[in-house]
Amino acid sequence: MKKIIANFKMNFTPSMTKEYLIQLLARYADSDKVKLCLSFPYTSLAIAKFLLDKRKISLGAQNICDEEEGKNTGEINGAMLKDAGVNYVIIGHSERRKKFKEDNKSINHKIKIALKNGLSVILCVGESLADYNTLKTFDVLTEQLEAALKGLYENELENITIAYEPIWAIGTGITPTAAEIDKACKTIRNVIKEDFSQKASENIEIVYGGSVNTKNISKFKNLKYSNGFLVGGACLDLGAFLQIISTIEK
Ligand code: PGA
């Protein structure tokens, strides 16, 4: 089964989410070939939770506070997400690392808080273009993974999916080759093997994200070391998103 995670980013008001989901639920039948996970802005979670009732689609948030309580005006904690019916949360997206200065330590706290509150985690890692051009992908992935997963028990990895998202591929229309994605996913598995175990490295779920679209999905769908995709821009167009899903299902 392939995992397809949609990241709606800062798009869709609650009313737009409602319209989108009504259409999606009418046109998409739950399948055992794909696991669909939809990550909405906080303000859309309630309507999405209501509409997704009884469907095999997971509901995700795009961020979580790195503290469980305290004076954090404007933040949302793990207990709030759990109580809102959220199943998982995206942590460490490169847009948050860059613009909101999220560092590996804060990302590590967020992961622990999410897991403690019964939420699964999508942990985003990936290198910049400068890192890619100077062949530092391996070093960057190793550093990000080791810092983010520090202090976790091996059994907690069952609730973590790693999203390999090269920063230079996000929203640019440019992607690595299928072989490069597989190599990076293999690197991620090797880090997990070194830090946890062979079994953990085989079982960890890894998805690829960065300009996945209707044109390139068929060449990526049979990657050896990855378990699915994280789709950003392309999920905003329902027709395109359904086409990506059905290509993966085939
Ligand atoms: P993109 O975004 O598919 O628009 O490149 C992916 C992401 O940011 O997670």
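## Lys-3 and strand β1

Lys-3 counts as buried, at 13% relative accessibility, where buried means under 20% relative accessible area, exposed over 50% and partly exposed in between, computed with a 1.4 Å probe and protein chains only. The residue is found in strand β1; strands (E, at least two residues) and helices (H or I, at least four residues) are DSSP runs, numbered from the N terminus. Lys-3 and Val-34 are 31 residues apart in sequence, yet their C-alpha atoms are 5.7 Å apart in space.

The model is predicted: local features need pLDDT of at least 70 and side-chain atom pairs count only at pLDDT 80 or more, whereas totals for chains, interfaces and linings use all residues. Residues are numbered from 1 along each chain as its sequence is written, and side-chain values use heavy atoms, with hydrogens and water left out.

Strand β3 (residues 57-61) pairs with β4 in the parallel sense over two bridges; two strands pair if DSSP finds at least two bridges between them. Val-89 in β4 is the bridge partner of Ala-61.

Strand β5 in turn pairs with strand β6 (residues 160-164) in the parallel sense over five bridges, with Ile-160 of β6 as the bridge partner of Val-121. Because five of its six residues are buried, β5 is largely enclosed by the rest of the structure.

The residues around the ligand are Asn-7, Lys-9, His-93, Glu-165, Ala-169, Ile-170, Gly-171, Gly-210, Ser-211, Leu-230, Gly-232 and Gly-233; a residue is near a molecule if one of its heavy atoms lies within 4 Å of it. This shell divides into three nonpolar, seven polar and two charged residues. In that division, Ala, Val, Leu, Ile, Met, Phe, Trp, Tyr, Cys and Pro count as nonpolar, Asp, Glu, Lys and Arg as charged, and the others, Gly among them, as polar.

A polar side-chain atom of Glu-165 lies 2.8 Å from a ligand oxygen. Backbone atoms also contribute: an N or O atom of Ser-211 lies 2.7 Å from an oxygen atom of the ligand, and a polar backbone atom of Gly-232 is 2.9 Å from an oxygen atom of the ligand. The protein covers 96% of the 280 Å² of accessible area that the ligand has on its own, with areas from the Shrake-Rupley method and a 1.4 Å probe; for residues, only the protein chains shown count as cover.

## Positive phi in two loops

Phe-12, in the loop between β1 (2-7) and α1 (14-27), has a phi near 80°, a positive value in a residue other than glycine. Phe-12 is buried, with a relative accessible area of 17%.

Leu-135 is likewise a residue other than glycine with positive phi, near 60°. Its place is the loop between α6 (129-133) and α7 (137-148), and at 76% relative accessibility Leu-135 counts as exposed.

Ala-178 belongs to helix α8 (residues 178-195) and counts as partly exposed at 23% relative accessibility. The C-alpha atoms of Ala-178 and Phe-220 are 5.7 Å apart, although 42 residues separate the two in sequence.

Ser-197 lies in the loop between α8 and α9 (198-203) and is buried, with a relative accessible area of 18%. A polar atom of the Ser-197 side chain lies 3.4 Å from the backbone nitrogen of Lys-199.

Terms used: Polar contact = N/O pair within 3.5 Å; in protein donor to acceptor, adjacent residues only side chain to side chain.
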